[in-house]
Amino acid sequence: MSRAFVKEDGPDNEPLPDLPVSPHPNYVTPRGLKALRDRLATLQAELARLKARAERLDKLPEKAAERDIRYVEARLRSAIPVDPADQPSGEVAFGARVTVADEDGAEAVYEITGEDEADASLGRIAPQSPLARALLGARVGDVVEWKRPAGRAELEILAIAYA
């Protein structure tokens, strides 16, 4: 196709809108900070690969990579590193791995991590989640009330550990 038929200015050349950034303080564990840095490096490598393509008429993948890089850079700029080893022992705080038992005695383990690191399938929860808010400040033996969409649940704190 002749370059005469390619529009140089227009929506294809505008950046994608930025991803929303959380209004909450961006506390991160050392693992979470490393994951953000690794993600940035991966995105930058992907963008370089996309820009090196011989056929670049479709700019959307590049725009998406640029948008994602802006998001991760913003998260890194706002990061507040917290070393779990510096947290108060015996009390649930950011970075804690908390073992709890529900009313039926079923045990679960949750880790309070940064938002970008949170992953329910791994038991990692953000500090502003209802579960984390219920756990923060508790000690072994305390029973906390977790206000869930499915109803309230009581959880007994069985153990607290920091990595």
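Reply: E62 counts as buried because its relative accessible area is 4%, where buried means under 20%, exposed over 50% and partly exposed in between, found with a 1.4 Å probe on protein chains only. The model is predicted, so local features need pLDDT of at least 70 and side-chain atom pairs count only at pLDDT 80 or more, while totals for chains, interfaces and linings use all residues. Residues are numbered from 1 along each chain as its sequence is written, and side-chain values use heavy atoms, with hydrogens and water left out.

E62 belongs to helix α2, which covers residues 60–77; helices (H or I, at least four residues) and strands (E, at least two) are DSSP runs numbered from the N terminus. Setting aside residues up to four places away in sequence, E62 touches L47, L50, K51, R53 and R56, a contact being heavy atoms within 4.5 Å.

UniProt, in an unreviewed entry, lists residues 33–60 as a "coiled-coil region"; its positions are in the numbering used here, feature names are shortened, and annotations may be inferred rather than shown by experiment. Across residues 33–60, the chain is 71% helix and 0% strand, and 28 Å separates the end C-alpha atoms.

The unreviewed UniProt entry also places "domain: Transcription elongation factor GreA/GreB C-terminal" at residues 87–162. There the chain is 8% helix and 42% strand, with end C-alpha atoms 8 Å apart.

T99 is a part of strand β3. T99 is also buried, at a relative accessible area of 18%. Beyond its neighbours within four places in sequence, T99 makes contact with E107, A108, V109, E156, I157, L158 and A159. Between the C-alpha atoms of T99 and G151, 52 residues apart along the chain, the separation is 21 Å.

In soluble globular proteins, nonpolar side chains tend to be buried together. The largest nonpolar core here has 20 residues, and V92, L135 and I157 have the most contacts inside it; such a core is a set of buried Ala, Val, Leu, Ile, Met, Phe, Trp, Tyr and Cys residues joined through side-chain atoms within 4.5 Å. At least two residues of this core come from each of β3 (96–101), β4 (107–112), α3 (130–135), β6 (143–148) and β7 (151–162). L135 contacts V92, V98, V100, Y110, I112, I125, V144 and I157, leaving aside its neighbours within four places in sequence. Another core, of 12 residues, lies apart from the largest one and includes V28, L33, L40 and Y71.
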